[in-house]
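I opened this notebook to write down, step by step, what I looked up in a structure that was new to me. The entries go from the terms I needed to the chain as a whole, and then to single places along the chain.

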Amino acid sequence: MFGIGGGELVFILFIVLMLFGSDKVPEIARTMGKAMAQLKNATNDIKSEIQKGAEANGLDAKSLNSLTGNINAEIESAKSNLLGDTNNLLGDTATEIDKVKEDIDSLSGPIKRQR
C-alpha cells in the first residue's frame with residue numbers, strides 16, 4: 001500500500017494520535033471518509049456524462065470497440081508483414097557470421113576465450 005510497510009504505518013498512526021489526540025482522530029477519519037465518498041460520486045457523475053454525450057453523438061461502446069478492433073487488426077497485419085521479412089534477413093546474417101567464424105578458425109586456429 002503506497003510502498004509503506006507495517007511498522008511505518010504504525011509509526012504514522014502513533015504520530016497522528018500524538019498530534020491530534022484520541023478524541024479528534026475519529027472525527028478526522030469520518031471527514032476523510034465523507035470526502036472520499038464525494039470524490040467517488042463526482043467521478044461516477046463525470047463518467048456517466050461522458051457516456052451520455054458519446055451516445056448522443058452516435059458513439060457507443062460497440063462502435064468504439066469495432067473501430068479499435070479494426071485498427072488493432074491493421075497494426076497486427078503490418079507487424080506480421082514486417083517481422084516476416086526481417087526473420088529471413090536475420091537467418092541469412094547468422095549463417096554468414098558462422099561462415100566467417102569458420103574461415104577465421106581455419107586460418108588462425110580456434111580462439112580460446114579467457115574467463
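Entry on terms. Before placing any residue in a helix, I noted that helices here are DSSP runs of H or I with at least four residues, numbered from the N terminus. I also noted that this is a predicted model.

Entry on the whole chain. I looked up the elements of the protein chain and found three helices and zero strands, which read along the sequence as the pattern α-α-α. I then looked up burial, and found that buried residues make up 1% of the 115 residues in the protein chain. For the surface, I wrote down an accessible area of about 10,600 Å², of which carbon and sulfur atoms hold 63%.

Entry on helix H1. I found that helix H1 covers residues 6-20, and that its 15 residues reach 21 Å from the first C-alpha to the last, close to the 21 Å expected at 1.5 Å a residue. Following H1 I came to Gly-21, which has a positive phi near 90°.

Entry on the nonpolar patch. I looked up a nonpolar patch on the surface, with about 1,000 Å² of accessible area together, and its members include Ile-4, Leu-9, Phe-11 and Phe-20. I placed Phe-20 in helix H1, and I recorded Phe-20 as partly exposed because its relative accessibility is 44%, between the limits of 20% for buried and 50% for exposed.

Entry on helix H2. For helix H2, residues 25-56, I noted 32 residues and a reach of 47 Å from first C-alpha to last, close to the 46 Å expected at 1.5 Å a residue. Just after H2, I found Gly-58 with a positive phi of about 85°.

Entry on the salt bridge. How many salt bridges does the structure hold? I found one, and in it the side chains of Lys-79 and Glu-76 meet at 3.5 Å, N to O. As background I wrote that side chains of opposite charge can pair when their charged atoms come close. Lys-79 and Glu-76 are three residues apart in helix H3, so about one helical turn separates them. I looked up both partners and found Lys-79 partly exposed, with a relative accessible area of 40%, and Glu-76 partly exposed as well, with 46%.

Entry on the negative patch. Which residues gather in a patch of negative charge on the surface? I listed Asp-98, Glu-102, Asp-103 and Asp-105. I placed Asp-98 in helix H3, which covers residues 61-108, and I noted that Asp-98 counts as partly exposed because its relative accessibility is 40%.

Conventions:
Residues numbered from 1 in each chain as written. Predicted model: local features only at pLDDT ≥ 70, side-chain atom pairs only at ≥ 80, totals over all residues. Heavy atoms only, no water. Patch = residues over 30% accessible without salt bridge, like charges linked within 9 Å, V, L, I, M, F, W, Y side chains within 5 Å. Areas by Shrake-Rupley, 256 points an atom, 1.4 Å probe, with all protein chains shown as cover. Salt bridge = Lys/Arg side-chain N within 4 Å of Asp/Glu carboxyl O. Lys, Arg positive; Asp, Glu negative; His and termini not counted. Charge placed at Lys NZ, Arg CZ, Asp CG, Glu CD. Helix = DSSP H or I, 4+ residues; strand = E, 2+ residues; numbered from the N terminus. Buried < 20%, exposed > 50% of the residue type's maximum accessible area, 1.4 Å probe, protein only. Expected span 1.5 Å × (residues − 1).
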